[in-house]
Amino acid sequence: MSDEVLKTTPLADAHVAAGARMVPFAGYSMPVQYKDGVLKEHLWTREHAGLFDVSHMGQARLRGVSPLSAFEEITPGDFIGLKPGKQRYSVLLNKQGGVIDDLMAARPDDDGLFVVVNGACKDNDFKVIDNELAGQVTIERLENRALLALQGPEAAAVIGRHLPAALRMVFMDSRAMPGFGTNILISRSGYTGEDGYEISVPNHLAEAIWNLLLEDERVRPIGLGARDSLRLEAGLPLYGHDVDQSVSPIEADLAFAVSVKRRDARDFPGAARIAKELAEGPSRKRVGLKVLEGAPAREGAEITDGSGAVVGVVTSGGFSPSLGYPIAMGFVPPALAALGTQLKVIVRGKPQAAQVVAMPFVPNRYVRKI
Amino acid sequence: MRFTKDHEWVVLEGEVATIGITAYAAEQLGDVVFVETPEVGKVVKAGDGFAVVESVKAASDVYAPIAGEVVETNTDLGEAPDTVNALPESGGWFAKLKIADKAQYDALMDRDAYEAFLGTL
């Protein structure tokens, strides 16, 4: 891996100029933090507006005679019912009902489906879609587009100065519209628990738009370090850590991604397992943990019950900048998933008290109505 | 004050060595949110991991620059781990060791040598 040539996003020069510490991530050289550091960047996003480069993620158009119904063959979502101008969170499923990747699929216009998938998974995702939906959809990867996310309580006011139409959008709206002197794809969503937008822009204008947004004193650039702590506080799973090909959406506490309409039809990959888990409960469940004493419990830390028996493992964990104590998510048997359950996390051999708590750890602030 | 290539510092007063991490290390680590110090009475060898310092993102080991027995730890860091960032080379010390072999101290870098070393990174 060390001699792997890292790809760069169109914003690489801007990151370095802003004092970013660059690290390899999903095959790209990406900013993990800027001069302020993870803690301040995190809190800035919760209080003002943070600007993120998420251009490493995979953007594509799926087109065909009926791309919405075709997409239902590999996902458990109601895509036939996805209205124009809306976006939906979903998962690509393997035949065992495990999650190949999580994704956003939107109808910003009449041009098929616009999907955004995780950077580390994108090549495989598009291969899976291509193989499974051959003859039904074509994939155009939008490698000529960058993706920016502006997140935080002041994000809407900042975007509104440049793009008043964005203020009329609500959470999970998606639009293709003119903006920033070009044609953009914009959604009111993100992965921090805050109100905000994700904006797909042509590569050659990415740096100019990035700099324009940063001219606003409410906006600061935010690295992947704070993006991770923000999504953890928001209770959002990170693919490859909290979710992988062995985990079903029911185990991952993503049952909302399995549309009610399609639960009866059972017409998606792994439907037998998912229906069984919906009816009888899964054998393990993703829960939120508040670590009551000691060091942060990080990915890989064992979870034990009161008697010291190992019952699960932490899949994401760290210090919560907003709350001031360590939090984690991990998998435990359903009998130990009830809120308030007392457990232990083993950090460097030392058992520390932890408690099952509700997620999100920090209340989300999505704007669902205007 | 003496320094290691792992960015720890040592101040020796008589037989007691006070140990912390350098300003450079604190800067690289970012905001410190938790410090695990060793227990008093613990005997460590030079190069042993004897403390852990955690940022929001990651945990990093701190290695004992010198052998000895832990005689005191900085209990203030429990409440105020960010002292490591604010005062890395004074109030942010981790532990005091009663040392076994002063020659190990003498073999460490002085400030000029450490700064020359930083210049090569």
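Predicted model: local features only at pLDDT ≥ 70, side-chain atom pairs only at ≥ 80, totals over all residues.
Chain A is assigned two domains, domain 1 (1-281) and domain 2 (283-370). The C-alpha centres of domain 1 of chain A and domain 2 of chain A are 25 Å apart. Across the boundary, 33 residues of domain 1 of chain A make contact with 28 residues of domain 2 of chain A.

The interior comes next. In soluble globular proteins, nonpolar side chains tend to be buried together. In this model the largest nonpolar core contains 35 residues, and those with the most contacts inside it are Leu289(A), Ala297(A), Ile303(A), Val314(A) and Val345(A). At least three residues of this core come from each of domain 1 (1-281) and domain 2 (283-370) of chain A. Leaving aside residues up to four places away in sequence, Val314(A) touches Ala297(A), Arg298(A), Glu299(A), Gly300(A), Ala301(A), Ile303(A), Ala328(A), Met329(A), Gly330(A) and Val345(A).

The buried residues in helix 2 of chain A are Val38(A), Leu39(A), Glu41(A), His42(A), Trp44(A), Thr45(A) and Arg46(A).

Turning to open spaces, the largest pocket has a volume of about 660 Å³. Its lining is made by 33 residues, of which Phe25(A), His56(A), Asn118(A), Arg227(A) and Leu238(A) are the closest to the pocket centre. Strand 1 (21-25), strand 6 (99-106), strand 7 and helix 7 of chain A each contribute at least two lining residues to the largest pocket. Helix 7 of chain A gives the most, with 5 residues. By class, the lining of the largest pocket comprises 19 nonpolar, 8 polar and 6 charged residues.

The second largest pocket holds about 550 Å³ of space. Of its 25 lining residues, Tyr89(A), Leu236(A), Leu254(A), Phe256(A) and Tyr366(A) are the closest to the centre. This lining, too, takes at least three residues from each of domain 1 (1-281) and domain 2 (283-370) of chain A. The residues around the second largest pocket divide into 14 nonpolar, 6 polar and 5 charged.

The largest cavity has a volume of about 60 Å³ and is lined by Gln87(A), Met104(A), Phe114(A), Val116(A), Leu147(A), Ser174(A), Ile186(A), Ser187(A) and Glu198(A). Strand 7 (113-117) and strand 11 (182-187) of chain A each provide at least two residues of this lining. The classes represented around the largest cavity are 5 nonpolar, 3 polar and 1 charged.

The second largest cavity has a volume of about 30 Å³. Pro31(A), Phe52(A), Asp53(A), Ile222(A), Gly223(A), Leu224(A) and Arg227(A) form its lining. Strand 3 (49-53) and helix 7 (224-233) of chain A are the elements that give two or more residues to it. Around the second largest cavity, 4 residues are nonpolar, 1 is polar and 2 are charged.

The peptide bond from Met359(A) to Pro360(A) is cis, with omega near 0°, and Pro360(A) lies in the segment after strand 19 (350-357) of chain A. Ala26(A), in the loop between strand 1 and strand 2 (28-33) of chain A, has a phi near 55°, a positive value in a residue other than glycine. With a relative accessible area of 25%, Ala26(A) counts as partly exposed. Phe180(A) is not a glycine either, yet has a positive phi of about 55°. Phe180(A) sits in the loop between strand 10 and strand 11 of chain A and is buried, because its relative accessible area of 14% is under the 20% cut-off.

Finally, Leu167(A) is found in the loop between helix 5 (155-162) and strand 10 (174-179) of chain A. At 39% relative accessibility, Leu167(A) is partly exposed. Not counting residues up to four places away in sequence, Leu167(A) touches Ala156(A), Gly160(A), Arg188(A), Tyr197(A) and Ile370(A).

Conventions:
Residues numbered from 1 in each chain as written. Chains lettered and ligands numbered in written order. Heavy atoms only, no water. Core = buried A, V, L, I, M, F, W, Y, C linked by side-chain atoms within 4.5 Å. Buried < 20%, exposed > 50% of the residue type's maximum accessible area, 1.4 Å probe, protein only. Domains from an automatic or database assignment. Contact = heavy atoms within 4.5 Å. 1 Å grid on protein atoms, 1.4 Å probe; cavity = no way out; pocket = protein on both sides within 12 Å on 5 of 7 lines; lining within 4 Å. Points joined across faces, edges and corners; volume = space filled by probe spheres on them. Helix = DSSP H or I, 4+ residues; strand = E, 2+ residues; numbered from the N terminus. Nonpolar A, V, L, I, M, F, W, Y, C, P; charged D, E, K, R; others polar.
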